[in-house]
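Reader: Could you take me through one part of this model up close? I'd like the cut-offs spelled out as you go.

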Protein chains: 4
Amino acid sequence: MKKRIFEIISRAENGDRASRAFDVSIMALIIVSILSIILQSYASLATRYAKAFSILETITVGVFTIEYLLRIWTADLLYPDVKHPRIKYVLSFMAIIDLLAVLPFYMPFFAADLRFLRMVRLLRLFRLLRVFKLGRYFDALQIIVQVLRKSAAQLVISVVLCLFVMLFSAIVMYTVENPVQPEQFPNVIASLWWAICTLTTVGYGDVYPVTTIGRFFAAVISLVGIGIIAIPTGIIAGGFSNAIEKKVEDEEEKKHYCPYCGHHLDE
Amino acid sequence: MKKRIFEIISRAENGDRASRAFDVSIMALIIVSILSIILQSYASLATRYAKAFSILETITVGVFTIEYLLRIWTADLLYPDVKHPRIKYVLSFMAIIDLLAVLPFYMPFFAADLRFLRMVRLLRLFRLLRVFKLGRYFDALQIIVQVLRKSAAQLVISVVLCLFVMLFSAIVMYTVENPVQPEQFPNVIASLWWAICTLTTVGYGDVYPVTTIGRFFAAVISLVGIGIIAIPTGIIAGGFSNAIEKKVEDEEEKKHYCPYCGHHLDE
Amino acid sequence: MKKRIFEIISRAENGDRASRAFDVSIMALIIVSILSIILQSYASLATRYAKAFSILETITVGVFTIEYLLRIWTADLLYPDVKHPRIKYVLSFMAIIDLLAVLPFYMPFFAADLRFLRMVRLLRLFRLLRVFKLGRYFDALQIIVQVLRKSAAQLVISVVLCLFVMLFSAIVMYTVENPVQPEQFPNVIASLWWAICTLTTVGYGDVYPVTTIGRFFAAVISLVGIGIIAIPTGIIAGGFSNAIEKKVEDEEEKKHYCPYCGHHLDE
Amino acid sequence: MKKRIFEIISRAENGDRASRAFDVSIMALIIVSILSIILQSYASLATRYAKAFSILETITVGVFTIEYLLRIWTADLLYPDVKHPRIKYVLSFMAIIDLLAVLPFYMPFFAADLRFLRMVRLLRLFRLLRVFKLGRYFDALQIIVQVLRKSAAQLVISVVLCLFVMLFSAIVMYTVENPVQPEQFPNVIASLWWAICTLTTVGYGDVYPVTTIGRFFAAVISLVGIGIIAIPTGIIAGGFSNAIEKKVEDEEEKKHYCPYCGHHLDE
């Protein structure tokens, strides 16, 4: 029976109807759950259907919790040759996502204190991680993890370089602009907001230099910094671009070969 | 006679004067029609020459409707080997454009109800599709369709990824900023406007985060998201770039060969 | 004597001191002239040294006019095998620049009418073209003309595509936003300003959609349009990038060969 | 003893504990020093812990000054075959950084005059250069110097081109917009701020053209200029991207060879 449960909660193979039904149910529940987060953002809907949203959330969390526990229970079938398969599973990327996606529901029980209310609100953002649960069923979402993992070494170096450029820019602008605009550039951490807005070229226009020397530094920082900030952006974009291209090529390759005997179909 | 009409409404071949005259007339009417849309946007012109614009629109729609019907009538000459050539033609891309380009004129007859007035105004935007009718005569406009079709598979995956990133960003910012700026971030769909403005780096500055945690998330979202949003943009730009380059190469190739006998002219 | 004047006004060859002195004088005069334009923009300087600026401008224009006339006079030495060498020279790119760079000075004589005062002010912008006169002496400025000429065919197609996308976007936004923001989107030509600001991702924030449907269209237009606008930008950037790289390579190549006998110096 | 000091202040080799301790101390002092600059930007912290910050700064400068003098003293061991090793060292990039990083501390002694107070504040920015001292210990920071040096020739040409485009744009916009917005475009240098904001596509929205002709020029300048400004940005981004990629490849290569005998480990 344990083996049957493992088969059902694993991604369905051809012909396994129970497993397929389980997959579709989980996927539907994830999408309904995300939709309910969007709908709840409308104050009028949130109050009118408060009870419905509450029930839906309880059901969702209930199902996801049971799914989580079953996955831990059957972990020894997933990793048959590992000494502590359950510990290995609990520490895997998807298991952490599964846990964090239900955790906000249980938080109020542990931290009922009103002081933590604002933090609980933020913790509810973890519910968004449910989208990543879809990664089990859609390969497109697995691309994200693959791309980030593939270019991890380059990303780390370039992100460190970016943070350095941002901090440097923020300190320069704080020194130059703070005496004239103490409200816009109160301290270095607040100046970081200007640095990020400028170096990504978003430029909201809520904070900008007004002194001549500040504008001179902003000009130099913009021209040099944009080039440096463009590196991680370029790495990510390039990584995804390659991954998508390869996926399309793979799919085209598949069409030419019979999926059963591997025979080339065109010749 | 039907064959002659088909020849005339088809793109002119060398020496066919009647067909050439028809092509030029239709092109002129399309351009005049677009110019009249632009001129009508000036309130003073729209009122002073209201009658002239109305007559022009009636003539334009009249000609385009006759052209549309003639094209359906002669569809069996366009697709000689197809069973239902007219149905095939009506469902083709250019025929749908032709239909939508005249439809707004006939809408008031069907939906005279005042409630639909605003919608009718929007439907009048379909008149803009007349520009695509030029696609029959200018190859440059056909590039658009070709490029989008060629990279369709990649575009679909990357657009899905983009929508996901945008929705994710919008929900995060709604959760973080709504309590402080309920007017700027009233709900998730409204937060999407912020997400798109930021991730495309347009940054109008009408909506931006003000809380520290909101700015932190905005910074992270900007740096990661811009990389992901850059993918479809890059695919489209790359696709057009290749198409233009190839077109230029093809034209240069043409110069070396006689267009009549295919003889190489340089040797 | 005519031949000697031609040698002097042509770019100096090694050892020709008079020609070298002429080149340096013209270059100095160009730079002084541009600097005076910048300094005159300061109202206080413009009034205090009004006479000095006026004398400087008269001298500059006088020298440039004499230079222009001498170049026309010696045109038959520049194009020895051409039938009408002076007409050919007058119509050349550099000669038109030379003429336009002095023309604003003579305009008031022809159009003293006060109604043309504003236009004269704009015509004074032609004085800026003097910078291009430097192109005779600095190869880096000649890169601009070369790059634009090399990718002219591609640029024309992509610019037409851009104008089309901009006009299309402007008409759509005018239709959608005009009823709500008649002052921001008064007509299609004014909406073009929004289209350009958005599609180049500059996003000043002076004009932006406020209706839900306007924001929806703005989002779609941004994502598609930015990709299309990126093409001419990319072509220009790519062209300059290649030209600079090639120039650097050429200079490195030069170092390996003796400039006198062409002997390879490393071996 | 001089040789031992030289070994200690040089980057530690395997097993040299004193040298390693010296390196770590200097690195810690640099980071503490930068952190104190950030913390001092909070007015409340700056006043409450004024004395602590002052003591920390004195210690930091003291240590860095001694380090600087020791490095000059042992310069003859660093460049054994050079005639004037100390002069050569003082003029090296890292030695200038070392000097500038402590100089602001000693400035008040020389320029105690109150008129220089604002300039002293700016000079304190040199303290930020201490970050570059880390370059001795982290290879990632040395990438900056390498990348800039490698593409120096290309960067110089493209930066000159950029400055030219910016100045040209600024003069055009000053001429066109100054009569209507004398406060936003008071002179050419102030118009440069607009030019830089627009050409980098940051677009804060504090300065923008309002006249029709100004908007027309702004549109043309944007489309052409963004392409030209993109070149140095592209060169820098490309240079860093290559450097990072090469570094990652080198590290992967290292894994295949024994670091002791150079033996290939895979075969």
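Author: Helices here are DSSP runs of H or I with at least four residues (strands are E runs of at least two), numbered from the N terminus. Buried means under 20% relative accessible area, exposed over 50%, and partly exposed in between, using a 1.4 Å probe and protein chains only. This is a predicted model, where local features need pLDDT of at least 70, side-chain atom pairs count only at pLDDT 80 or more, and totals for chains, interfaces and linings use all residues. Residues are numbered from 1 along each chain as its sequence is written, chains are lettered from A and ligands numbered from 1 in the order in which they are written, and side-chain values use heavy atoms, leaving out hydrogens and water.

Now for the part itself: helix H2 of chain C, residues 17-40. Its 24 residues reach 34 Å from first C-alpha to last, close to the expected 34 Å; that expectation is 1.5 Å times one less than the number of residues. At the start of H2(C), a side-chain oxygen of Asp16(C) comes to within 3.3 Å of the backbone nitrogen of Ser19(C). Ser19(C) is also one of the helix's buried residues, which include Phe22(C), Ile26(C), Met27(C), Ile30(C), Ile34(C) and Ile37(C). What do the buried residues of H2(C) pack against? Within chain C, they meet helix H1 (2-9), helix H4 (50-73) and helix H9 (130-133). From chain D, helix H11 (152-177) and helix H12 (188-199) join in.

Rings of Phe, Tyr and Trp (its six-membered ring) pair if their centres lie within 6.5 Å; planes under 30 degrees apart are stacked, over 60 edge-to-face, and the rest tilted. Over all chains there are 29 aromatic pairs. Take Phe164(A) and Phe132(D): their centres are 6.1 Å apart and their planes at 85°, so the pair is edge-to-face. This pair crosses between chains, from helix H11 of chain A to helix H9 of chain D. Phe164(A) counts as buried because its relative accessibility is 17%, while Phe132(D), at 21%, counts as partly exposed. Elsewhere, ring pairs link Phe132(A), Phe164(B) and Phe168(B) into a cluster.

Gly135(D) is buried, with a relative accessible area of 7%.

Definitions and conventions
Contact means heavy atoms within 4.5 Å. A polar contact is a pair of N or O atoms within 3.5 Å; within protein, one must be able to donate a hydrogen and the other to accept it, and residues adjacent in sequence count only if both atoms are side-chain atoms.
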